[in-house]
Amino acid sequence: IRRQKFERFFYAHHLFVVVLVFVTLHYTGAIIYLLPGIAIYGVDKLMAMYSYHKAAPVATRMLSDDVIEISFETTSGVNYKAGDYVFLNVPTVSFLQWHPYSVTSAPSAHGSKVMFHLKGFSGGWTEQVIKEALKQGDNTLKVRLDGFYGVNNGICDQLRSKDGVILVGGGIGVTPMMSLALELCVTSSIPVTIMWVVRTIDEFGIFSTELADARRSYKHFKPKAWCTLSSHKPIHNNDGVAFDRAKLLEFDSFELALQSVKESQSSNGTTSTPAFILDEPSLSRASNAAVMTLSTIFALVAYALAAKISKRDSHTGTSQDFISL
């Protein structure tokens, strides 16, 4: 219900007001204990309702069929830190739904520009947001933002004291790692490595250029990406040639595959390709299920054996004291 009919789910939980009314009718003295919480809740809701009337346009850019980039410029006095997140609301899609998104940009690398990315899921709220952005036709979208939230001193402040940093992400979940990595590259000289696993070449292309540019700009930055090619959906290059899993596996290196699908332009205008690696796909679903089943059976057998051995242990030589109170 929460996923399909969020508004009904949201309003149903406001029935607690009726419960409070009946509690007060049952025991009038309860109002003394309920009043502080009701006052805080009321102020919070009034401030939220006031902010509901404020929606500002942001810039949008489609990076793939199901990933959209949202960006905007912050005003003076508004600061954020790498690794922070914001709550996003799109009134034209849903008046009540607020969803958290990690910031992809880094303040030291992008200045006042803030970026975060949404990936659309079939039938979900994010898919509706992407459709609404495409419907606008002018690369803008009116949204409400609540943020920034995160660690008070900043995650990077804690990481700078380390000898090196390794950041691991999968798919679109690499966005906070991108923010932290770029911030550390600009503000420190410690080795920074990103390990990123993606399912498709199309998904890899979302951040491939940014990672390649960062690698050329910062000698202590090392990105590593693995494409499992677990999705069989083919993609097409500019000539309309389809590249599916079998075709991509013919290449000796991921650089050639990426160059055939999408060229990466460096800052000085020369064409180059990032040195990422094409790995063989992981276990199939059936193989993965078989391995998990065997692991479960092994764990159960080990548990039964341990229980049987414990019962065989003799405690005849152990003295016991019985104390009666």
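Biologist: Why does Val18 count as partly exposed?
Modeller: Val18 has 41% relative accessibility. Buried means under 20% relative accessible area, exposed over 50%, and partly exposed in between (1.4 Å probe, protein chains only). So Val18, at 41%, is partly exposed. This is a predicted model, where local features need pLDDT of at least 70 and side-chain atom pairs count only at pLDDT 80 or more, while totals for chains, interfaces and linings use all residues. Residues are numbered from 1 along each chain as its sequence is written, and side-chain values use heavy atoms, without hydrogens or water.

Biologist: Where does Val18 lie?
Modeller: Val18 is in helix H2. Helices (H or I, at least four residues) and strands (E, at least two) are DSSP runs, numbered from the N terminus. Helix H2 covers residues 16-26.

Biologist: Which residues make the nonpolar surface patch?
Modeller: Val18 is one of them, along with Leu15, Phe16, Val17, Val21, Phe22, Leu25 and Tyr41. Together they make a patch of about 750 Å². Helix H2 contributes six residues, the most of any element.

Biologist: What makes Glu69 and Arg61 a salt bridge?
Modeller: The closest N and O atoms of Glu69 and Arg61 are 3.1 Å apart. The rule asks for a side-chain nitrogen of Lys or Arg within 4 Å of a carboxyl oxygen of Asp or Glu. The Glu69-Arg61 pair therefore qualifies at 3.1 Å.

Biologist: How many salt bridges does the structure hold?
Modeller: There are six. Another one joins Lys119 to Glu203, with the closest N and O atoms 3.2 Å apart. That pair links distant parts of the chain, since Lys119 is in strand E5 and Glu203 in helix H8 (residues 201-204), 84 residues apart. Glu203 is buried, because its relative accessibility is 10%. The side chains of Asp213 and Arg216 meet in a salt bridge too, at 2.3 Å from N to O.

Biologist: Why are Asp213 and Arg216 separated by about one helical turn?
Modeller: They are three residues apart in helix H9 (residues 208-217), so about one helical turn lies between them. Asp213 is partly exposed at 25%, and Arg216 is partly exposed at 32%.

Biologist: What is the order of the strands in the open sheet?
Modeller: The six strands run E4-E3-E6-E1-E2-E5, with antiparallel pairing. Strands E4 (99-102) and E5 (113-119) are at the edges because each has a single partner strand, so one side of each has no neighbour in the sheet.

Biologist: How do you know that E1 and E2 pair?
Modeller: Two strands pair if DSSP finds at least two bridges between them. E1 and E2 share four, in the antiparallel sense, so they pair. A hairpin of four residues joins E1 to E2, and Met62 stands opposite Ile68 in E2. On the E5 side, E2 pairs antiparallel over seven bridges, where Ile68 has Leu118 as its bridge partner.

Biologist: What makes E2 largely enclosed by the rest of the structure?
Modeller: Six of the seven residues of E2 are buried, so the strand is largely enclosed. Met62, placed in strand E1 (residues 56-62), is partly exposed because its relative accessible area is 32%. Met62 and Leu134 are 72 residues apart in sequence, yet their C-alpha atoms are 8.7 Å apart.

Conventions. Patch = residues over 30% accessible without salt bridge, like charges linked within 9 Å, V, L, I, M, F, W, Y side chains within 5 Å. Areas by Shrake-Rupley, 256 points an atom, 1.4 Å probe, with all protein chains shown as cover.
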